[in-house]
Every structure is written in C-alpha cells, then in structure tokens.
Amino acid sequence: MNYKLLELQTIGDERGKLVSLESNKNLPFDIKRVYYIYDTSPEQIRGNHAHTELEQLVIAIDGACEFVLDDGKNKESVWLNRPDFGLYIGKNMWREMRNFSYGCKLMILASDYYDEREYIRDYTTFLDTIKDSKDIQ
Ligand code: T46
C-alpha cells in the first residue's frame with residue numbers, strides 16, 4: 001500500500017501549537033500546489049480516483065473524515081481527525097473520502113500542479129493501469 005500516516009512534529013507553548021511543513025524535510029516531495037476542501041456534508045463521497053504520478057499529504061486541519069485507500073488488491077480505512085497527523089498518499093492509490101464531520105477542513109499539499117490528464121477516474125481503468133505497471137517492472 002503506497003500510503004503512510006505521518007506524525008507531524010508540533011511546536012507548542014502556552015500560546016498554542018504550530019506545525020511546519022517543508023519540502024523534502026518532513027515531507028517526501030517538493031510542494032507545487034496547496035488546496036483545501038471544506039463545507040462537505042457527511043453524506044457526500046469525494047475522491048473515487050487515483051493519480052498516476054501525483055504525491056500528496058492530506059491534513060484534517062479541523063474535524064474528521066475517513067479515507068478508504070485501495071491498491072487494487074487490498075482496501076484499508078484511515079481516519080483523519082488530528083491536525084498533527086498527515087496522510088501521505090503516493091501514486092497509483094485509489095481513494096474514497098467519506099464520513100466528513102460537519103465543519104471538516106482538509107488541507108492538501110501536492111507534488112505537482114493540477115492536471116486532469118493525470119487522474120484515473122474509472123476503476124476498471126485503474127485496475128488495468130496498475131496491472132500494466134507491474135507487467136513492465
Ligand atoms: C485528491 C483528493 C484528496 C481544480 O481545478 N484544481 C485543483 O487543484 C483540484 C484539486 C481540483 N480542481 C477541480 C477539478 C474538479 O472539477 O475541482 C473540481 C473538484 O475536484 P475533484 O472532484 O477531483 O475533488 P475531490 O475532492 O474528489 O478530490 C480532490 C483532488 O482532486 C484529488 O487529487 O486526491 O481531493
């Protein structure tokens with residue numbers, strides 16, 4: 001499974017807490033894009049796609065949601081509910097995001113600019129793609 005839940009180093013004192021994210025230091029890639037997701041209600045499902053190249057780190061800055069990660073063979077569920085943990089998702093991982101709490105805010109750091117051509121949004125195509133990439137190795 002090409003994902004990892006990373007504990008992010010937190011700097012805290014009596015004023016509160018601070019987390020710093022730096023390319024290739026506590027993040028395993030260069031950050032080229034930051035986007036955020038908010039106002040998603042609990043019955044909504046997001047995601048349902050994979051990326052052929054993109055790497056991302058997802059942080060639930062506020063609230064919680066569930067990520068279901070699928071490498072074509074296994075599915076695992078990860079809950080994001082703390083701003084001091086980040087979910088690193090590498091390439092070729094199908095993801096579904098669900099069970100958003102009201103007010104959930106996700107911040108996502110991405111290794112590249114937005115490019116719709118690099119998304120796989122059809123599950124059968126995803127299975128073919130990972131099969132092909134294994135055949136080439
Ligand atoms: C991912 C999960 C965690 C843009 O124009 N620029 C952007 O940077 C992004 C991320 C999206 N878009 C457009 C593409 C769609 O027309 O915004 C619309 C909604 O995107 P999407 O349906 O892909 O959103 P999610 O929440 O299903 O998925 C997003 C990311 O797209 C994806 O890379 O891994 O969050």
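**The ligand and its pocket**

Tutor: In this predicted model, the strand β5 supplies 4 residues of the shell around the ligand, and this is the largest share.

Student: Which strands each supply at least two residues of the shell around the ligand?

Tutor: The largest share of that shell comes from β5, which spans 46-51. Two further strands also supply at least two residues each, so that the complete set, with its residue ranges, is β4 (33-37), β5 (46-51) and β10 (94-98).

Student: Of the residues around the ligand, which come nearest?

Tutor: The shell holds 13 residues, and by class these divide into 5 nonpolar, 4 polar and 4 charged. Of the 13, those that come nearest to the ligand are R33, R46, H51, Q56 and Y119.

Student: What percentage of the area that the ligand exposes when taken alone does the protein bury?

Tutor: The reference here is the ligand taken alone, which exposes 650 Å². Of that area, the share buried by the protein is 69%.

Student: Which pocket is the space taken by the ligand, and what volume lies in it?

Tutor: The ligand takes the space of the second largest pocket. Among the 15 residues that line this pocket, Y35, I37, H49, M97 and Y119 are the closest to its centre. The space that lies in the second largest pocket is about 230 Å³.

Student: Which strand supplies the largest share of the lining of the second largest pocket?

Tutor: The lining divides into 8 nonpolar, 4 polar and 3 charged residues. At least two lining residues come from each of β4, β5, β6 (56-62) and β10. Of the lining, the largest share, 4 residues, comes from β5.

Conventions. Residues numbered from 1 in each chain as written. Predicted model: local features only at pLDDT ≥ 70, side-chain atom pairs only at ≥ 80, totals over all residues. Heavy atoms only, no water. Near = heavy atom within 4 Å. Areas by Shrake-Rupley, 256 points an atom, 1.4 Å probe, with all protein chains shown as cover. 1 Å grid on protein atoms, 1.4 Å probe; cavity = no way out; pocket = protein on both sides within 12 Å on 5 of 7 lines; lining within 4 Å. Sits in = over half its atoms within 2 Å of the grid points. Nonpolar A, V, L, I, M, F, W, Y, C, P; charged D, E, K, R; others polar. Points joined across faces, edges and corners; volume = space filled by probe spheres on them.
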